[in-house]
Amino acid sequence: VRNLKLEHEQEKNKILSEALETLATEHHELEQSLVKGSPPLSIISEEQFYDAVSDSESEKSLSGFETTTAYSLEDSMDSKDTITSSMSEEKVCGSGESLSNGIKKHRTSLPSPMFSRNDFSIWSILRKCIGMELSKITMPVIFNEPLSFLQRLTEYMEHTYLIHKASSLSSTTERMQCVAAFAVSAVASQWERTGKPFNPLLGETYELIRDDLGFRLLSEQVSHHPPISAFYAEGLNNDFVFHGSIYPKLKFWGKSVEAEPKGTMTLELLEHNEAYTWTNPTCCVHNIIVGKLWIEQYGNVEITNHKTGEKCVLSFKPCGLFGKELHKVEGYIQDKSKKKLCALYGKWTECLYSVDPATFEAYKKNDKKNAEEKKSGKQVGNTEEPDEMPLPDSESVYVIPGSILLWKITPRPPNSAQMYNFTSFAMALNELDKEMESVIPKTDCRLRPDIRAMENGEIDLASEEKKRLEEKQRTARKNRSKSEEDWKTRWFHQGPNPYTGTQDWLYSGNYWDRNYFNLPDIY
């Protein structure tokens, strides 16, 4: 009887899966016909999607790319003209060596614009992976962006000026406001970044020194299963240390992919002998199967000042019905007896303000009353999660009178849409010049061939290199298990976090001595 039931369930599952695939394909064709202005093809044949799940088939050099990307390249020719002009200006100023006011100038564009993803259905890959741990799935390179996850992590540092500002303030509450603004700003660059960063290889490292922003950072991939990335940043004037480790736990929910960044962030303000810790909110990418991909962040972030006992509890709101709460962040700073000292509100995609708690609560009460009056005049809808990305409220963030602006996002450069929606900061992360090449270790992501090929627009080469590197990593792991040899991390070691007591990855030191020997050959 059980076997019979199981067979029925499997049959039902198969029929539903096929129906969903047909629906996804037809939706995809309709979108294509709208883009191209031509009638949709009959059902697209399976062969046109590149399945990257089975090990043997996994990621053949995507031959046929010439045909599938031909139209998208023509389409982007107009935009390319504008891009090339900015690129040629880039080349004139030499390989990143030009100085502006004595500070190194960084590139403002990638060598090649991104490929159109319109011709690829992510569903053709994911339908075979329902219920699988996503970090183990090999995705075609077309869904990536030309950065390693270690470089993506470094984007936390884009608004380092908020840490310098916190250091300069004498009031603990004002310092906490700046730290909260830094924690919110750290996730802002994820907005519209639907490309997946490359999974770092075990032992891969990344360093970044930004004299203009006053910090230097080092990160290392310290574990492969589960994938854990550790980082350590310090102020060039010895005013702060910021460190942590991230294990992005991915879940596939059918229509969306949720990434829960497990791991603690620790910020130490050395002049004040203070340490703050927090964890990041959950990030969710919607419309994996059909429709336009869009991103939201949700969950509570609790920032603790371990010296004073003050806490800042921020709530990243889930989108909700009609998108009223989309991207909203709000919360309070409270002292150790839980007395509210100040309220914070804004959007993680735009800005953060602080205001007196009483004023904030009066505004919230009034806002709720108005919303209820509006609702009673309308029919109440269903409460399912929205499929299409809700349009944010037209007035964006309403500024409550008496508020102080803590942080405002830097607008993205005009060529961002053709450059994987990168910020100006992200654009310079994979920059490599001759001088840098002679000092960085051979494990640095900038030397990773698949990412470099993708950045240069050589998608076939990127795909081949990615497959080669993954194969090389698998072989190295097998050889280690045969000789019963354990992997040794180079720049970080496991130990308790000095403030929370939880297991963490701590910096071992000596990286900046530039004395690199016995480094693993991972590329």
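Ala259 has Cys283 of strand E12 as its bridge partner. This pair is a starting point for a description of the predicted model.

Strand E12 covers residues 282-286 and pairs with strand E9 in the antiparallel sense, over three bridges. Strand E9, residues 257-262, is also joined to strand E8, residues 240-252, by six bridges, and these two strands run antiparallel. Within that pairing, Tyr247 has Lys262 of E9 as its bridge partner. E8 and E9 form a hairpin with four residues between the strands, and there Gly254 takes a positive phi near 90°.

The protein chain as a whole contains twelve helices and 20 strands. It has 523 residues, of which 50% count as buried. Among contacts with a separation of 6 or more in the chain, 63% are between residues 24 or more positions apart.

**Helices H6 and H7**

Two packed helices are described by the angle between their axes and the distance between the axes. Helix H6 (residues 161-168) and helix H7 (residues 172-185) have axes that come within 8 Å and cross at roughly 170°. Because angles over 145 degrees count as roughly antiparallel, H6 is roughly antiparallel to H7. On the H6 side the contact is made by Leu162, Ile163, Lys165 and Ala166, and on the H7 side by Arg175, Cys178, Val179, Ala181, Phe182 and Ser185. Sorted by class, the residues of this contact are seven nonpolar, one polar and two charged.

How many of the 14 residues of H7 are buried? Twelve are, so H7 is largely enclosed by the rest of the structure. The buried residues of H7 include Thr173, Met176, Gln177, Ala180, Ala183 and Val184. Arg175, Cys178, Val179, Ala181, Phe182 and Ser185 of H7 are buried too.

**Helix H12**

Helix H12 runs over residues 459-482. Its buried residues are Ile459, Ala462, Ser463, Glu465, Lys466, Leu469, Glu470, Gln473 and Arg480. After H12 comes Glu484, which has a positive phi near 50°.

| Helix | Residues in helix | Span | Expected span |
|---|---|---|---|
| H12 | 24 residues | 35 Å | 34 Å |

Most residues other than glycine have a negative phi, and most peptide bonds are trans.

Glu192 is not a glycine, yet its phi is positive, about 65°. This residue lies in the loop between H7 and strand E4 (196-198). Glu192 counts as partly exposed, because its relative accessibility is 33%.

Asn238, another residue other than glycine, has a positive phi near 55°. Asn238 sits in the loop between E7 and E8. Is Asn238 buried or exposed? With 58% relative accessibility, Asn238 counts as exposed.

The peptide bond between His225 and Pro226 is cis, with omega about -5°. Pro226 belongs to the loop between strand E6 (215-223) and strand E7 (228-235).

Terms used. Residues numbered from 1 in each chain as written. Predicted model: local features only at pLDDT ≥ 70, side-chain atom pairs only at ≥ 80, totals over all residues. Heavy atoms only, no water. Pairing = 2+ DSSP bridges. Axes fitted to C-alpha atoms, helices over the stretch in contact; angles between N-to-C directions. Parallel < 35°, antiparallel > 145°, perpendicular 65-115°, else oblique. Contact = heavy atoms within 4.5 Å. Nonpolar A, V, L, I, M, F, W, Y, C, P; charged D, E, K, R; others polar. Expected span 1.5 Å × (residues − 1). Buried < 20%, exposed > 50% of the residue type's maximum accessible area, 1.4 Å probe, protein only.
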